[in-house]
Structure formats: C-alpha cells, structure tokens
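Subject: Structure handover

Hi,

Here is the structure for you to look through. Please open it first, then read my notes below.

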Amino acid sequence: MRICYIADARSIHTRRWVDYFAKKGHEVHLITSRLGDGYSKSVQLHFLSSLLPQHRKGSGYINSLLWVILVRRLISRIKPDIIDAHYITVNGYLGALSGFRPLVLTAWGSDVLIGLKESLCLRILIRYALKRVEMVTCNSETARMELVNFGVNPDRIEIIRQGIETQKFSPRQDKGFKKRLGLQGRPIAISTRSFKPVYNLEMLIRAIPLVLEHSPQASFIIAGEGKQREHLENLASSLGCSESIRFVGQVAHDELPKYLAASDIYVSTSLSDSASLSLHEAMACELAPVVTNLSGNREWITDGENGFLVPVNNIQALVDKIVYLFNNKEVARKFGMLGRKIIQERAEYEKEMGRMEGLYERIVVKDKS
C-alpha cells in the first residue's frame, strides 16, 4: 500500500507508528508541520513550512489556510491508497479538506478529551472532518465514548493501542544502571510525564517531602521536559527535597527502559489521560503503578490488584500509597508482574500495528471495489 500520514513528525508516537509500516514494505509518506528525525530512510517526509518559507512568520490562521492548499497539492502528487491523519484537532481537518478518500483519523487522547472542548471553531471543523472518514481509531474506551458523544457512528470507531515493544521495555534491562546512577540500595519512584500543567507534576513534588519522612532513603527520578521545569525545580528546592530528586531531562526513547527497570514505582499525577503510553511502558517493565483515578487509567489499573488509584490532587493519598509500596516489596512485585502480563495480552506493539495494517487493507479493498 501507499500510505500517507498527516502528523507531528517530532513525536515518538508518530515515528513508531510510521516506521512499522515502512519496515513492512509499504510506501510511506509523512506530511508534517513539525520536522522530526530518526525515521527509516524509506519514509518520505514532506515538511510544510519549508515549502512556504516566506510565510513562516505569518499568523496561525494564514498558515493553516496555506497548509490546506499545500496538502491538497501534495496528496494529488503522492496518489496514496489511504490517508491517516493523527491527532484529530490539528491534522484531522487537513485530511478532510484534502478531499481525498479513503480517510482515517487517529485520536491520541488529549485531542479528544481536552482539545474538542477548547474552541467552538475547532469543534465545527472536526465535526466536518469526522463526517467524512471511513474510520476513526483511538487508544481507549474512554476516548471512544467521547467520540460517540460527539456524534461519531460507533460502527466507525476502532480501538487500536499504540503498543509496547515488550522485549525492549522489560525488567531485564541493564542491572548495573542503578549503580551508575548512584542509587544502589535506594527505593526509587519515577515519573516520565512531560512538564505540562495537564500532568500536574506539582502534586508529586509536594508529596515527596512527606514520603521522605517515612522513607528517608527514597529517591525520585523525574524524566521529562517542558515550560514548567524551572518552576518545579524551584518548588523542590523551596520544599527542601531537591537532593532526593533527579531531574534527568527528556530521556531518549531507547534509553528509557533502563531508567524504568532501575525503578520500583511508577507515578502519574495527571489531570487527564486516555491510554497512557508512559503507564504502559512502566507496566511492561514490572513497575508498581500509583496513578490518578481517571477513567483512562481504570481501564488498566484495578485498585489494589495491579496498582493503586489515588484521587486527583489528593497529596496525602499519593504519599500513603508510595510509602506502602516502598515498605511492602512483595506487593509491589506482584503488581509489577501482573501489569506486564496485562500489557503482553492487550497492548503488544506488533499485534496492535498488525491490527491497524489489516484495517487499512480492508478499507482500501472496500474503496476500490
């Protein structure tokens, strides 16, 4: 097949998805407004801004209109068998306004759970796009219900996970890594969420001094980047817990399994989640999860069975569960082992991408018949 994606090339989610199909031998094109690297050599990248350098300083509305024209021209030249636009509030309307069929829209979570509620104009554009697709894919039942409530025909929605490469994300990673971090013998909790308000990392930072009162040897690894980094580092300093925190920045995806395998507990204090890839990666590495009680997390975590769910912004509940797991290593180990089994059964990368490949093929065959 000749597959054309419209997506953010900087995202690891895009790269993992696109590269799967390129390595399977399909002809893959990626139209993007944000240029990324690390792709298979066979992926053909089309960077919109480079095609209109004189308009780089124009308004977002002007660029969006110009991008619609460019996308239509590119697609008429590429002549794909199918288009898949990822992150529907940004790229969905570009796919729809291209006029090409068959069209698939792929939701990532926040585009559906947050983005659709932010702008009336955007909702109108996305409603237009969603009426012109053969299929919408999303990564959770939570996102599926939001799409249904938005008016999408349930028969046109398919849940496809982004999937975890469980051989790479495994508890059997470099065992010497913890020693190289200088944290040997210490219990470790890790967060791998971006430094954005939606991930509510301030809740975790405020919980750390209280955890240290019970577990003074505990260490916290916070892997991520974003505009809130300086604020969070200053907050940790003001609370007197900086020495127990490692702000390690944005960790390369290939290096992330080492940090996860060196840790004991995964923490997410997010305000919103669909199917969190960060959570799935941690579960695959057999970490015990402590995450906020969101519908997207409840699809994967049964409280007290394979992890703990805590109320949003309830710092004391977060502290209690982290301390409990630090003090009850067998419970943490049981949570981790069950979590990995769940990921292997429900979110294996090769299996999920294979399902997507089959979906593309059925749509293309139906369109040509």
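Helix α4 (residues 88-97) packs against helix α6 (residues 120-130) at an angle of about 50°, and their axes lie 8 Å apart. This is a predicted model, where local features need pLDDT of at least 70, side-chain atom pairs count only at pLDDT 80 or more, and totals for chains, interfaces and linings use all residues. Residues are numbered from 1 along each chain as its sequence is written, and side-chain values use heavy atoms, with hydrogens and water left out.

Some terms first. Helices (H or I, at least four residues) and strands (E, at least two) are DSSP runs, numbered from the N terminus. Axes are lines fitted to C-alpha atoms, for helices over the stretch in contact, and angles run from 0 to 180 degrees between N-to-C directions.

Back to the pair. α4 and α6 are therefore oblique to each other. Angles under 35 degrees count as roughly parallel, over 145 as roughly antiparallel, 65 to 115 as roughly perpendicular, and the rest as oblique. The crossing of α4 past α6 is left-handed; that is, the near helix is turned anticlockwise from the far one by less than a right angle, while clockwise is right-handed. On the α4 side, the contact (heavy atoms within 4.5 Å) uses Ile-88, Thr-89, Gly-92, Tyr-93, Ala-96 and Leu-97. They meet Leu-122, Leu-125, Ile-126, Tyr-128 and Ala-129 in α6. By class, this contact has nine nonpolar, two polar and no charged residues. Ala, Val, Leu, Ile, Met, Phe, Trp, Tyr, Cys and Pro count as nonpolar, Asp, Glu, Lys and Arg as charged, and the others, Gly among them, as polar.

Tyr-87 sits in the loop between β4 (82-86) and α4. Its phi is near 70°, a positive value in a residue other than glycine. Pro-102 is in the loop between α4 and β5 (103-106). A cis peptide bond joins Arg-101 to Pro-102, with omega about 5°. Most residues other than glycine have a negative phi, and most peptide bonds are trans.

Next, helix α12 (residues 277-284) and helix α15 (residues 329-346). Their axes come within 7 Å and cross at roughly 120°. The crossing of α12 and α15 is left-handed. His-280, Met-283 and Ala-284 in α12 touch Gly-336, Gly-339, Arg-340, Ile-342 and Ile-343 in α15. That contact has four nonpolar, three polar and one charged residues.

How many cavities of 30 Å³ or more does a search of the whole structure find? The search finds one. On a 1 Å grid over the protein atoms alone, a cavity is a set of points where a 1.4 Å probe fits but cannot get out, and lining residues have an atom within 4 Å of a point. The largest cavity holds about 40 Å³ of space. Grid points are joined across faces, edges and corners, and a volume is the space filled by probe spheres set on the points. Its lining is Asn-139, Arg-161, Gln-162, Gly-163, Ala-275, Leu-277 and His-280. These divide into two nonpolar, four polar and one charged.

Best wishes

Technical notes: On a 1 Å grid over the protein atoms alone, a cavity is a set of points where a 1.4 Å probe fits but cannot get out, and a pocket is an open set with protein on both sides within 12 Å along at least five of seven lines; lining residues have an atom within 4 Å of a point.
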